[in-house]
Amino acid sequence: MGRLQRRHIIEAALWLIFAALAYYFSFRFEKSIEIYKFGASGWPRAVILVIVISALAQLATQYFIGDDGNEEVIGSHRSSEEEQEPHDRAYFLRMAGILLLPVIYAYTMDWVGFYISTPFFAAAVIYLMGERRWKWIVGISLLVWALLVFVFTVLLYTGLPTGNTRPFYDFSNWLLVLLR
């Protein structure tokens with residue numbers, strides 16, 4: 001216990017200040033909407049709440065566990081010689097893929113929509129981050145997709161892009177009718 005360092009407190013403080021400012025500015029567009037009981041500021045405030053909870057959870061984790069547990073897990077498979085070697089070509093290709101993937105995701109979302117492109121995007125990110133077990137990739141991708149669809153479509157009643165291409169558009173609309 002008590003393993004907090006100054007940088008942990010500063011990071012949490014910056015996130016909490018950001019959340020406070022975002023909450024303050026959310027009152028500028030607080031308007032009621034007939035079909036949505038939480039109003040126009042409902043889903044931004046939900047995201048702000050997630051930021052606050054995450055910042056406090058990270059601070060609590062650092063306080064109770066500290067960095068010691070993470071270093072053992074992350075660095076346990078590498079020797080000190082491997083850590084000093086320069087990154088190889090595969091590393092730079094993977095980083096380029098990770099940076100390019102959100103651009104591709106945003107570009108394809110116009111055609112196929114959120115409901116189709118998101119699980120593939122999540123799977124690609126998980127794969128590029130190093131996971132190679134396909135059961136885990138598919139399972140986590142579908143779990144993330146289901147959580148996002150539930151939060152935005154069912155809880156927040158927010159319209160997500162359905163795509164412009166015919167079979168994807170039809171599937172997205174069928175899914176929306178099923179969920180709402």
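The protein has eight helices and zero strands, where helices (H or I, at least four residues) and strands (E, at least two) are DSSP runs numbered from the N terminus. Residues are numbered from 1 along each chain as its sequence is written, and side-chain values use heavy atoms, with hydrogens and water left out. Because the model is predicted, local features need pLDDT of at least 70 and side-chain atom pairs count only at pLDDT 80 or more, while totals for chains, interfaces and linings use all residues.

**Overall fold**

- Along the sequence the pattern reads α-α-α-α-α-α-α-α.
- Of the 180 residues in the protein, 25% are buried; buried means under 20% relative accessible area, exposed over 50%, and partly exposed in between (1.4 Å probe, protein chains only).
- Among contacts between residues at least 6 apart in sequence, 63% join residues at least 24 apart, a contact being heavy atoms within 4.5 Å.
- The accessible surface comes to about 13,300 Å², of which 67% belongs to carbon and sulfur atoms; the areas come from the Shrake-Rupley method with a 1.4 Å probe, and for residues only the protein chains shown count as cover.

**Helix H2**

- Helix H2 (residues 42-64) has 23 residues and reaches 33 Å from its first C-alpha to its last, close to the 33 Å expected at 1.5 Å a residue; the expected span is 1.5 Å times one less than the number of residues.
- The buried residues of H2 are Gly42, Pro44, Arg45, Ile48, Ile51, Ala55 and Gln62, and what covers them includes helix H1 (6-26).
- Gly66, which follows H2, has a positive phi near 80°.

**Arg45 and its surroundings**

- Arg45 is found in H2 and is buried.
- Not counting residues up to four places away in sequence, Arg45 touches Tyr23, Ser26, Phe27 and Glu30.
- The side chains of Arg45 and Ser26 are joined by a polar contact of 2.9 Å (a pair of N or O atoms within 3.5 Å; within protein, one must be able to donate a hydrogen and the other to accept it, and residues adjacent in sequence count only if both atoms are side-chain atoms).
- Arg45 also lies over the face of Phe27, at 4.3 Å from the ring centre; a charge sits over a ring if NZ of Lys or CZ of Arg is within 6 Å of the ring centre and within 35 degrees of the ring normal.
- Elsewhere, the charged end of Arg132 sits over the ring of Tyr127, 4.0 Å from its centre.

**Helix H7**

- Helix H7 (residues 134-155) has 22 residues and reaches 30 Å from its first C-alpha to its last, close to the 32 Å expected.
- Ile137, Ser141, Trp145, Val149, Phe152 and Thr153 are buried in H7, and the buried residues pack against H2, helix H6 (114-128) and helix H8 (166-179).
- Just after H7, Tyr157 takes a positive phi of about 50°.

**Aromatic pairs**

- The whole structure holds 10 aromatic pairs; rings of Phe, Tyr and Trp (its six-membered ring) pair if their centres lie within 6.5 Å, and planes under 30 degrees apart count as stacked, over 60 as edge-to-face and the rest as tilted.
- The rings of Tyr63 and Phe64 are edge-to-face because their centres are 5.0 Å apart and their planes at 85°.
- Tyr63 is partly exposed, at 32% relative accessible area, and Phe64 is exposed, at 51%.
- The rings of Tyr107 and Trp111 have centres 5.0 Å apart and planes at 65°, so this pair is edge-to-face.
- Tyr107 and Trp111 both lie in helix H5 (residues 89-112), four residues apart, about one turn of the helix.
- Tyr107 is exposed, at 54% relative accessible area, whereas Trp111 is partly exposed, at 44%.
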